[in-house]
Structure formats: structure tokens, C-alpha cells
Amino acid sequence: MRRRARELAMRALFAHTQGGVDLEEALQHALSAMGGEEDPYGDPLDEEGVAFARRLLEGFKAHQEEVDRVLKETVEGWDFRQMSKTDLAVLRLAVYEMLYEPTPFEPLIEVAVKIANRYGGEHSGSFVNGVLARVYRRVAAGELKTVAKEA
């Protein structure tokens with residue numbers, strides 16, 4: 001359910017940032033578009049999943065300045081204009097979740113890579129994995145503070 005919710009959040013954030021669509025409108029549009037597709041994870045998205053996607057989107061928007069700062073400091077040699085817009089949406093949501101949600105790092109990174117592979121280009125998964133691994137190392141080194149993680 002959480003994988004599907006993260007995918008929904010990524011699609012909505014992509015539509016919001018690329019199309020200038022209101023965030024809630026982008027979420028509703030992404031939700032209706034997902035309803036017509038075969039579910040890649042085998043689980044329907046319930047109200048709890050939609051609420052989690054909405055929480056990720058609202059949390060990112062509330063902390064966008066900090067998330068973008070962390071990404072800019074972490075991604076060396078890349079500028080947001082140069083990045084794939086799907087990769088950027090995946091990274092923004094994953095970094096928000098790494099810093100501000102209690103989700104353990106490993107499953108969060110694994111799902112972000114799967115979403116990047118599904119929606120991005122040939123090297124999206126490895127790019128997203130590398131960036132998130134660097135963010136994780138910065139957390140482990142004490143450079144970045146996060147909320148307490150679930151066991």
C-alpha cells in the first residue's frame with residue numbers, strides 16, 4: 001500500500017511542478033488515472049494510502065526549501081534543470097520522507113528506486129539510488145538530522 005501511495009504522490013508532484021496544477025487537483029487527477037491501470041503491486045489503494053500520499057505531498061510542500069537545499073548540496077555536478085523531472089520528483093519525496101517521516105531508510109530507498117525505474121529513463125534507478133545513498137551517509141555522519149525511525 002505504501003509503495004502505491006508513494007507512486008501516487010510522485011505522479012501528483014510531477015503534474016504539480018510540471019503543469020502548474022494545484023496540488024490537490026494534481027493528486028485527484030493522478031488518483032483517477034491510477035484507477036484505470038493494472039495495479040503493479042497487486043494491492044488497491046485505500047483511503048489510508050491516499051491519506052499517506054497526501055501527507056507526503058503536503059509535508060514536502062511545507063519543507064520544500066530544506067529538501068531542495070539538501071538535494072542541491074548532495075547532488076554534485078547536477079542542477080535541477082538538468083535532471084529528469086521524474087527523477088527530481090522521486091528524489092524530493094524520498095528526501096522529505098528520509099528527513100521528516102519515521103519510515104526506515106532501507107525500504108524507503110528501495111521503493112524510490114523502483115518508482116524511478118518505472119517512470120524514469122534507463123539510468124534513473126541507479127541515479128536515484130546513488131543520491132539517496134549519499135543523503136543516508138550524510139545522516140549517518142550527523143550532518144543531517146531526521147525524525148526517529150520505526151524499528
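Helix α5 is mostly covered, with 14 of its 16 residues buried, where buried means under 20% relative accessible area, exposed means over 50% and partly exposed lies in between (1.4 Å probe, protein chains only). This is a predicted model, in which local features need pLDDT of at least 70 and side-chain atom pairs count only at pLDDT 80 or more, while totals for chains, interfaces and linings use all residues. Residues are numbered from 1 along each chain as its sequence is written, and side-chain values use heavy atoms, with hydrogens and water left out.

Helices here are DSSP runs (H or I, at least four residues), numbered from the N terminus. Helix α5 covers residues 85-100 and reaches 22 Å from its first C-alpha to its last, close to the 22 Å expected at 1.5 Å a residue, the expected span being 1.5 Å times one less than the number of residues.

Helix α4 (residues 64-74) contains D68, which counts as buried because its relative accessibility is 11%. The side chains of D68 and R92 are joined by a polar contact of 2.9 Å, that is, a pair of N or O atoms within 3.5 Å, of which, within protein, one must be able to donate a hydrogen and the other to accept it, residues adjacent in sequence counting only if both atoms are side-chain atoms. Leaving aside residues up to four places away in sequence, D68 touches F60, F80 and R92, contact meaning heavy atoms within 4.5 Å.

E66 also lies in helix α4, but with 28% relative accessibility E66 counts as partly exposed. Its side chain makes a polar contact of 2.6 Å with the side chain of R69.

Notes
Helices (H or I, at least four residues) and strands (E, at least two) are DSSP runs, numbered from the N terminus.
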